[in-house]
Structures are given as structure tokens and as C-alpha cells.
Amino acid sequence: MLKPPIFVDQTINQGLKQNLIADKLAELVRFISEIRLDYADISVANWQGISRNSVLPMEKFRGVIEPCCQQVILASNLGFRTVNMVVFCRRDLNSHAIEMALATAKTLGLSVVLQIRNASEFAVQALIGFVKQVNLAHVDTVLYCDEGSLLDPFVTYKTLTELKEKLSVDLEFCAHNNRGLATANTLAALKAGVCKVSAAVAGIDSFAAFEEILLAYKFLLNQPIEITKKLAQLSKEVLGCLGREVPMNKPIIGSNVFAHESGIHVDGVIKNPDLYEPFSPEIVGLSRKLVIGKHSGTASLKAKFRSWNMPLNDFDAALLLGIVRKKAISQRSSLNDCQLIDLYYEMSGQLQGFEAGGDEICRAEKKYTLSIQRYGMANKRPVLFSQRRKSLQ
Amino acid sequence: MGQEEQEAMKLILAAPLKATVFAWNRARSEDIMASVECGFSFLHISIPISDLHIYHKLKTSREKVLKQLEETVNLAKSFGCQVSIGAEDASRSSAEQFLQVAELAARLGALRIRYADTIGCLDPFKTYEQIAAVSKLCPIPIEFHGHNDFGLATANTLAACQAGSQYISTTIAGIGERAGNASMEEVIQALNLNGCRDPHVDTNKISQLVKMVNKLLDRSNGEFFSPNYKTDVDFFQGLHKCN
């Protein structure tokens, strides 16, 4: 059983960077609080000028500062109870200045996170060497940051496990996503027992995506964790505050991640959603969609029309499929429901008044020949004829 | 396969590509015939291998699925085609179930077998464990095919390579069903981490390619990309300069 994760939000800070007006910022904080707000990193430099507002949960905000006494005092005056002091490790590290800033923070009764921004550039031993240049008694947490996106999940796990053993202070992890590995690295950190991790809604600003970590923690690491049923909607609101849209295919929260188009997938999902869905869409407040486009099969069309109480027979489904595919290819996108209904009525209208004699197969063959002329579907001969013939023989 | 798809397939085959183009087939004779008629000589034939897919989707038995695979591979071979095998939903199957298909595939003369994480339910640690377990015993090379449902497709693909997978499936800009597949540009960046830089990849052209796909799909509003996509491309260009 892993220790439950504690998330350090980076989304609100992005709002500050974008100079959101106070009301908008309060709205952003409200949406994030509804999703989940354990802690949030806030740039003290950007926070100046934001009036004290009782709505803002200052106890959860950590002031991000440089290792300098004035900034520590400023953070304290602005109401921060924790500072996140950013340090770049290098050969000529000014450990004296850091020491002074740390001591000031302690005098003011602040909790201190010492963030090593470029930690992943160093081997564990070298990093410990750097960290031990300062008095760790003044540090509550060391934050290992992979700013250059230099880690893969296995290196993350190994490094953090080793650091955890060798450092006497709490560890925290912040991944960056320039190589698309931030979520995986964060999960590796959680596996290594580092439970405080940075994340941003939808992974904005190249941080690990909060919702991906949350769901992967629950369903891939099989650990209990609460997930709001409004996750997708709230994430959309959060991005909306920042003037952005959730990409349709964004894992977990994108509007299309439970959309199924290809015949083989739709056929499967209709039979049993577990076949092509890793978890139920309702968990995050999304719903399953059957997309009708050029990859669709007759099963999709029949399911769609069944849901409208207009059951299609095999023949009409095969016929409509041909028309639908042509349309999808010409407009280079899937069809919406209105288009689908229109095409159906257009098709039935064409075939209305068509009366043919003979048995069922004979009528269908004639109807089919007519549709070839109308829609030019030379190779759209529905397979069902040959099947029916066989069964009649 | 519809007429429009056949036309598209023929156009792809006729394009002056350096790549070997495979046609994706279900293990059905009509699929094989359609691919052969288009002029393909490399066919990928896919069968589901998890109990869930065999019993709940196909509603058949494992024996029947394997028999169907054997028949369709033989049919493809009768036209002189080279074949690769796809093991759909391999990540929810046992190593034995995968190896059973791999051995049959090898016996039938298949070039390689695809290990598909069809619903994206692997994490990198499980990927490594599962691919390492099968790659030791697999008689033909393994191709890893990841999906991005939990945002782990790139990491899983990297882990599969580290565990011995010799081929990987990627799509430009990560397009694909639901949350997409492993994106080529991210996987290349991830592989660079471990010093696996492929000298044949022209890194200079990657961002152009991504932009082109974006434009062709009419996704200029970024629908298909993560919000940090722009950073990614800039980062990639930065990498190129460093190299």
C-alpha cells in the first residue's frame, strides 16, 4: 500500500503569470479547490499587488522565492506560511546566502521547501554533496525538480529511492513534460514513496497532468483515491479561466476520449464497454460517444439509430454506411447527428415509391441496383445477400 | 474495405516512400483479398488474444481464433505476401497466451508480432516486466503498440524498448482512437534520453511533419495536441541545435 499522494498545484501560478484579474483568479482557485487543492505554489513576485482576500486559502499557498532574505520577509508579510526557495545547483553555489535566507525563514516561523531546480542534472552523490552545504535543520522538505526533462521512470524511481535513504529530510518531486514522460515519472516517484508531487490541470505549462496521475494512481497502481465526478467539467472551467480549451483527445478529460469510431471498436463497446475503455466515462463525468465517420461499420449505424428508436435493417444500414463514408471523406471529418438523419431521409426519400415484385431477395437486389445508380457504390454490395442466399439454399 | 479506402491505399502504395507499407487486416479472408487486390505485399493480420476479447467480443474460442489466424496467414502467403501478426489486448493476457500466438506466428513464417496495449492500461514498470518476460522466449521480434488513455503511451513505449522490444508503433502527433497512440516526436525525444538516437531520423523535419499533420487534419486549434505542445516542438528544435 502506497502513501496517498499530496498534490502541489501549479495551475494557479500559471493564472498569476497570465496576470488574471482578481475575480478571475478567485474563480480559478474555486474551481481547483472543487477538483482538489492540497497545496499550490505561488510566485511571490507575481503575488504582490493581489489584495488579501478571505476567499483565497493562504494556508495552502507556498510562496516561491529566490534564496534571499528580503524575499523571505516579503513572503511572510504577504501572508505565506510556507516558502518554496528555488536554488540552482552549480559549482560556485552561494551557500552563505541560502543559509541566511533559511535562517530568516525559520526566525519568522515559516516552513521551508528547498527546491533544487536542476536536480536531475546531477548524480545522487553530487546532489547530496550540494544539499549538505546548507544547514538541513532549517529545511523541512527538499524538492527534486527535473526541469530539463532528463529523467525516465526507472531513473526517477532509482534516484528518489536512493535519495530518500540518504537524506534525513522529506522529499518532494516535480516533473517536467518536454519528452512526454512527466506523468510516468511522477507515478515512479509515488512508487518510490515520495508522496508530495507537483501537477497542473491538463498538464499546462509542461507540468505533469493532475488528472492523469490521479486516475493512473487509482486504476493502474490500484490504490484508493477520491475522484470528483465533475473532473472533466471542472478541468474545462479551469482551462477556460486561463483562456484555453481542453484538447478533444486529452487523456482522461478530453471530450473525445470515450468516442468510438472504427467499426471494430464500436462493435466491441456495444457488446461490452470494458473491451475498449480502461474505466467508465461516468467516473470523470464524461459519456460514451459513437462517432459516425469514414471508419464506421454497420454496427455503429444500427446502434446509433436504435438509440433514436429508429431501428435500421441490415440492408439500409449497409446502404447508409456507403453514403456516410463518402460524406465523411469529402468533408474530412465525422458526421454530426443532424447530418446523419438528413442523409437517412435523403436515402429513404430516393427509395420511396420504389415497388418491386418478386421475393425478398429479388426486391433487395433491385433496390440495391437502384442505389448503385444513385450513389455510385460499385463495391458496396452488402455481404448479407450472399449469407441469405446460403441460408435459403 | 470500401472503394474510397482502396483508392487511398493504392495512393499510399504508389507514393515514393522509403517505408515498407503494411495493410492492417482482421483475420478474415475478405480483408486479405481486399489488401491483395490493392497491391499490398506486406500484410498485418490482427487477432485478439485476451479472454475478454475472445469470449465477449468475438464470442468464440481461442482454438477457433488461432485456426482463423493460421488460415488467413496461409492465404496471404499463397499470394507471396510477407506477414506480421497483431496480438490485440495483449496487455490483458498472460505471457503464455502471447507466446502461444508468437510461436504459431513464427511457425507460419511471420516477420514479427505486435504486443498491443489496446486500452492503454499499462504503466512503464508493468510494461517492462511483461515485455522482458515474453521477449526472452519469443521466437520472432516484438513490436510494442501503446495507447495513451492514462497519458503513459510514450513512457510505456520507452520501457518496452528498454525491455527488448525491437519495433515500436507510433503516430505523428499521437493521433489515434480515444486519447491516441504514442506520438512519434515524443518517443524520439524519450529515446534520445537513453542515448538511442536513431541517425536515420531527420530531427529537423519532425516539427514540420507535426505541423503538416495538424494542418491536414484541420486541427489548427490544437484539438489534437496537449496544451504544452508548442513547448515540445520548441524543445525539440532546441535539442536539434544541441546535437
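Trainee: How many disulfides are there over all chains of this predicted model?

Mentor: A disulfide is a covalent bond between the sulfur atoms of two cysteines. To be counted here, a pair of cysteine sulfur atoms must lie within 2.5 Å. Over all chains of this predicted model, the number of disulfides by this rule is zero.

Trainee: Which residues have the most contacts inside the largest nonpolar core?

Mentor: In soluble globular proteins, nonpolar side chains tend to be buried together. The largest nonpolar core of this model has 113 residues. Those with the most contacts inside this core are A:Trp47, A:Phe61 and A:Leu231.

Trainee: Leaving aside its neighbours within four places in sequence, which residues is A:Phe61 in contact with?

Mentor: A:Phe61 is one of the residues with the most contacts inside the largest nonpolar core. Its partners, apart from neighbours within four places in sequence, are A:Ile12, A:Val29, A:Leu37, A:Ala40, A:Ile42, A:Trp47, A:Leu56, A:Phe80 and A:Thr82.
A second, separate core includes B:Cys38, B:Val83, B:Ala110 and B:Cys138, and its residues number 41.

Trainee: Which elements of chain A do the buried residues of α10(A) pack against?

Mentor: Helix α10 of chain A covers residues 231–241, and its buried residues are A:Leu231, A:Ala232, A:Leu234, A:Ser235, A:Val238, A:Leu239 and A:Cys241. Just after this helix, A:Gly243 has a positive phi of about 70°. The buried residues of α10(A) pack against α1 (11–17), α2 (22–35) and α9 (210–219).

Trainee: Is A:Ser149 buried or exposed?

Mentor: A:Ser149 sits in the loop between β6 (141–145) and α7 (153–166) of chain A. Leaving aside neighbours within four places in sequence, A:Ser149 is in contact with A:His176, A:Asn177, A:Asn178, A:Arg179 and B:Leu193. The limit for a buried residue is under 20% relative accessible area. With a relative accessibility of 3%, A:Ser149 is therefore buried.

Trainee: How do helices α8(B) and α9(B) run relative to each other, roughly parallel or roughly antiparallel?

Mentor: Two packed helices are described by the angle between their axes and the distance between the axes. Helix α8 (residues 184–193) and helix α9 (residues 203–216) of chain B pack with their axes 10 Å apart, at an angle of about 155°. Angles over 145 degrees count as roughly antiparallel. The pair α8(B) and α9(B) is therefore roughly antiparallel.

Trainee: Which residues make the contact between α8(B) and α9(B)?

Mentor: From α8(B) the contact involves B:Met184, B:Glu185 and B:Ile188. From α9(B) the residues are B:Ile206, B:Leu209 and B:Val210.

Trainee: What percentage of the residues of chain B count as buried?

Mentor: Chain B contains 10 helices and six strands. Of its 243 residues, the buried ones make up 53%.

Trainee: What percentage of the residues in chain A do buried residues make up?

Mentor: Chain A has 16 helices and 10 strands. Its accessible surface is about 17000 Å², with 50% belonging to carbon and sulfur atoms. Of the 393 residues in chain A, buried residues make up 55%.

How values were computed. Residues numbered from 1 in each chain as written. Chains lettered and ligands numbered in written order. Predicted model: local features only at pLDDT ≥ 70, side-chain atom pairs only at ≥ 80, totals over all residues. Heavy atoms only, no water. Core = buried A, V, L, I, M, F, W, Y, C linked by side-chain atoms within 4.5 Å. Buried < 20%, exposed > 50% of the residue type's maximum accessible area, 1.4 Å probe, protein only. Contact = heavy atoms within 4.5 Å. Helix = DSSP H or I, 4+ residues; strand = E, 2+ residues; numbered from the N terminus. Areas by Shrake-Rupley, 256 points an atom, 1.4 Å probe, with all protein chains shown as cover. Axes fitted to C-alpha atoms, helices over the stretch in contact; angles between N-to-C directions. Parallel < 35°, antiparallel > 145°, perpendicular 65-115°, else oblique.
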